[in-house]
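This report goes through one protein chain part by part. Keep the sequence and the 3D view open while reading.

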Amino acid sequence: MKFGFIGAGEVAQTFAKHFVRHGHEVVLGNSRGPDSLVELARSIGPNAKAGTVKEAAKQDIVILCVRWHQAKQALAEVSDWNGRILVDATNRPLDEDTKGKTASEVIASYAPGARVIKALNTLVVEWIQDYSNKKPKSVLFLSGDDTDAKRKLARVLEETGFMPVDLGGLIDGGRLQQFGGPLNALHLDLLDRMEF
Ligand SMILES: NC(=O)c1ccc[n+]([C@@H]2O[C@H](COP(=O)([O-])OP(=O)(O)OC[C@H]3O[C@@H](n4cnc5c(N)ncnc54)[C@H](OP(=O)(O)O)[C@@H]3O)[C@@H](O)[C@H]2O)c1
């Protein structure tokens, strides 16, 4: 699978390392252009490339990893979001008034036509920086209205050693996942499971 990261900070680097270690390809983009990311991409591995935001947005799964206030501008770089899978990994600050809308509805409004999934936002990344194959299976929640897009993301998260848990639609699930919601910053690792 090919992943494009819009934003190349802590969150993007953490998930890029997990994906690359499992044979996937990643393209990282930021506001300063590919030259500023060449060294970083090299440090992640041969399957990681520095690119533009537009190049990142062409990959199979696009992950938005910018700060909340940077999201609108970052997404506006891409003129056509139609049908693309966009994972919203951002967290909206608690004091941000979004007039009754969930954080991911706001993000979805900046990327019309995208198949938006809220995911990868609930864990502090320092908690999931064990890249060995002995890492615990951490739970990653996902919410979205497009079943096929969620299935693709869930499959790859599972292969990468995480435990994806689908919460349903973007609005109801997103409300549970976003800052202030009951599942935000909830660290669950699968240690054992009863066989059925
Ligand atoms: N840190 C965590 O543990 C954690 C966990 C889950 C979710 N989150 C959420 O994930 C998001 C990213 O967090 P982070 O800690 O990774 O932030 P970060 O380290 O500050 O990284 C933000 C990245 O976005 C890039 N950026 C800024 N403006 C941009 C634009 N217009 N277009 C493209 N790229 C742009 C920045 O690079 P340039 O300035 O060089 O462009 C930087 O690479 C936030 O919304 C945060 O709330 C954080």
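Leu120 sits in the loop between E6 and strand E7 (137-144). The model is a predicted one. The phi angle of Leu120 is near 70 degrees, a positive value in a residue other than glycine. Most residues other than glycine have a negative phi. Is Leu120 buried or exposed? Leu120 is buried, because 26 other C-beta atoms lie within 10 Å and 20 or more are enough for that label.

Lys99 also has a positive phi, near 50 degrees, and is not a glycine. Its place is in the loop between E5 and helix H5 (103-109). Lys99 is exposed, because it has 5 other C-beta atoms within 10 Å and the label applies at 12 or fewer.

Ala119 belongs to strand E6, which covers residues 115-119. Which residues does Ala119 contact, leaving aside its neighbours within four places in sequence? They are Val87, Ala89, Leu140, Phe141, Leu142 and Leu153. Thr90 is 29 residues from Ala119 in sequence, and the two C-alpha atoms are 8.6 Å apart in space.

Gly4 is part of strand E1. Not counting residues up to four places away in sequence, Gly4 touches Val27, Gly29, Glu55, Ala56, Ala57, Lys58, Gln59 and Val62. Asn133 is 129 residues from Gly4 along the chain, and 23 Å separate their C-alpha atoms.

| Residue | Other C-beta atoms within 10 Å | Class |
|---|---|---|
| Gly4 | 30 | buried |
| Lys99 | 5 | exposed |
| Ala119 | 29 | buried |
| Leu120 | 26 | buried |

Strand E4 (residues 61-64) is covered on both faces. Ile61 and Ile63 are buried on one side, and Val62 and Leu64 are buried on the other. E4 pairs with strand E1 (residues 2-6) in the parallel sense, over four bridges. In this pairing, Ile6 stands opposite Leu64. E4 is also joined by four bridges to strand E5 (residues 85-88), and these two strands run parallel. Here the bridge partner of Ile61 is Ile85 in E5.

**The nonpolar core**

In soluble globular proteins, nonpolar side chains tend to be buried together. How many residues does the largest nonpolar core have? It has 52, and those with the most contacts inside it are Phe5, Ile6, Ala16, Leu28, Ile63, Leu64 and Val87. H1 gives the most to this core, with six residues. For Ala16, the residues touched are Phe5, Val26, Leu28, Ile44 and Ala48, not counting those up to four places away in sequence.

**Helix H7**

Helix H7 covers residues 170-177, and its buried residues are Leu170, Gly173, Gly174, Arg175 and Gln177. Against which elements do these buried residues pack? They pack against H5, E6, E7 and strand E8 (163-168).

**Around the ligand**

The ligand is surrounded by 25 residues, of which the closest are Gly7, Gly9, Ser31, Ala74 and Thr90. Two elements give two or more residues to this shell: helix H1 (10-21) and helix H4 (71-76). The largest share comes from H1, with three residues. Sorted by class, the shell holds twelve nonpolar, ten polar and three charged residues.

**The chain as a whole**

The chain has seven helices and nine strands. Buried residues make up 42% of its 196 residues. Among contacts between residues at least 6 apart in sequence, 67% join residues at least 24 apart. The C-alpha atoms fill a box of roughly 50 × 45 × 30 Å, taken along the principal axes. How does the radius of gyration of the chain agree with that of a compact globule, and what is its value? The chain has 16 Å, and this agrees with a compact globule because one of 196 residues would have a radius of gyration near 16 Å.

How values were computed:
Residues numbered from 1 in each chain as written. Predicted model: local features only at pLDDT ≥ 70, side-chain atom pairs only at ≥ 80, totals over all residues. Contact = placed C-beta atoms within 7 Å. Near = placed C-beta within 6 Å. Nonpolar A, V, L, I, M, F, W, Y, C, P; charged D, E, K, R; others polar. Rg over C-alpha atoms; globule rule 2.2 N^0.38 Å. Core = buried A, V, L, I, M, F, W, Y, C linked by C-beta atoms within 7 Å. Pairing = 2+ DSSP bridges.
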